[in-house]
Amino acid sequence: MRNTIRLLASVKPGRYLEAGNPTGLTGLFTHPAPRSTLLYLYGATLDKLKAFPDHSVYRQSVEALTRHRMQIIESIKPEGYDEWAKKAAEKIEKFPEAFQPGANYNYKSAGGQHFVTVEDKGSEDQEWTSLEGTRTSEEKAAEVALLRKGRRQDYSKVVNWEPEPPLEASQISEAENQIGGGLIEEVIQVAEGELKLVDTMAESKVWEDIEEKPPQGQWDYFARDQHTSGTQEPPNK
């Protein structure tokens with residue numbers, strides 16, 4: 001059903017989905033790199049779950065679901081992916097300084113995999129917004145020189161980083177059908193929420209017993225074996 005909504009929202013559906021195009025759901029637009037984004041989110045979630053004890057029911061359930069969805073995404077590779085991955089690894093090895101913290105590219109690890117995102121430094125006009133007060137042309141020139149002197153070296157032209165090849169529309173549809181969580185953009189939103197929730201659950205130590213034990217039989221009314229046909233009155237308090 002969701003796939004149909006996306007197709008109806010596209011004026012000219014083609015082999016690839018165009019990033020930024022409407023998906024058919026209000027406020028939700030086509031994601032530019034759903035495969036790598038989901039792999040990073042799932043990998044980061046699994047890494048954080050390692051802080052939970054093995055007996056944690058929350059950890060067990062989230063791990064099972066996350067690994068299942070991660071396997072689906074990993075099994076669907078875009079055309080030319082292996083060749084691209086080989087060239088990408090060679091560039092990282094050849095120009096390691098370009099992938100250090102604070103350089104042009106953010107190099108992250110999650111779930112035993114490595115990811116690269118391109119940093120958007122913005123224009124010089126945007127940089128000027130952080131410099132307050134009125135300045136003469138000479139003062140501005142001096143400040144620009146200082147900014148350029150302290151600016152990180154630009155490796156973008158040297159490295160010439162190429163993004164991961166995109167998935168075809170049919171591949172994205174296949175992933176959506178296997179996951180069964182709506183559009184791939186909706187699946188990404190769920191994965192982002194789960195990654196944030198892990199921190200909250202860890203802070204709350206959800207694996208520990210509650211301080212106040214519930215009275216005996218408090219939840220008996222909601223148990224499966226108490227269900228009978230017809231209307232059942234709740235027990236008196």
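Predicted model: local features only at pLDDT ≥ 70, side-chain atom pairs only at ≥ 80, totals over all residues.
## Basis

Residues are numbered from 1 along each chain as its sequence is written, and side-chain values use heavy atoms, with hydrogens and water left out. Local features need pLDDT of at least 70 and side-chain atom pairs count only at pLDDT 80 or more, while totals for chains, interfaces and linings use all residues.

## Helix α3

Buried residues (under 20% relative accessible area, 1.4 Å probe, protein chains only) of α3 include Tyr-58, Arg-59, Glu-63 and Ile-73. Among the elements that cover the buried residues of α3 are α2 (34-49), β2 (113-118), α8 (169-179) and α9 (184-204).

## Aromatic pairs

The structure holds 9 aromatic pairs (ring centres within 6.5 Å, taking the six-membered ring of Trp; edge-to-face means planes over 60 degrees apart). The rings of Trp-84 and Trp-161 lie 6.2 Å apart at their centres with planes at 75°, so this pair is edge-to-face. Trp-84 belongs to helix α4 (residues 81-94) and Trp-161 to the loop between α7 (156-159) and α8, 77 residues apart. Both Trp-84 and Trp-161 are buried.

Phe-99 and Tyr-107 also form an edge-to-face pair, at 6.4 Å centre to centre and 65° between the planes. Phe-99 is buried, at 5% relative accessible area, whereas Tyr-107 is partly exposed at 35% (partly exposed runs between under 20% for buried and over 50% for exposed).

## Cluster and charge

One aromatic cluster is formed by Tyr-81, Trp-84, Phe-99, Tyr-105, Tyr-107 and Trp-161. Arg-35 lies over the face of Tyr-81, 4.8 Å from the ring centre (for Arg, CZ within 6 Å of the centre and within 35 degrees of the ring normal).

Notes: Helix = DSSP H or I, 4+ residues; strand = E, 2+ residues; numbered from the N terminus. Contact = heavy atoms within 4.5 Å. Phe/Tyr/Trp six-rings, centres within 6.5 Å; stacked < 30°, edge-to-face > 60°.
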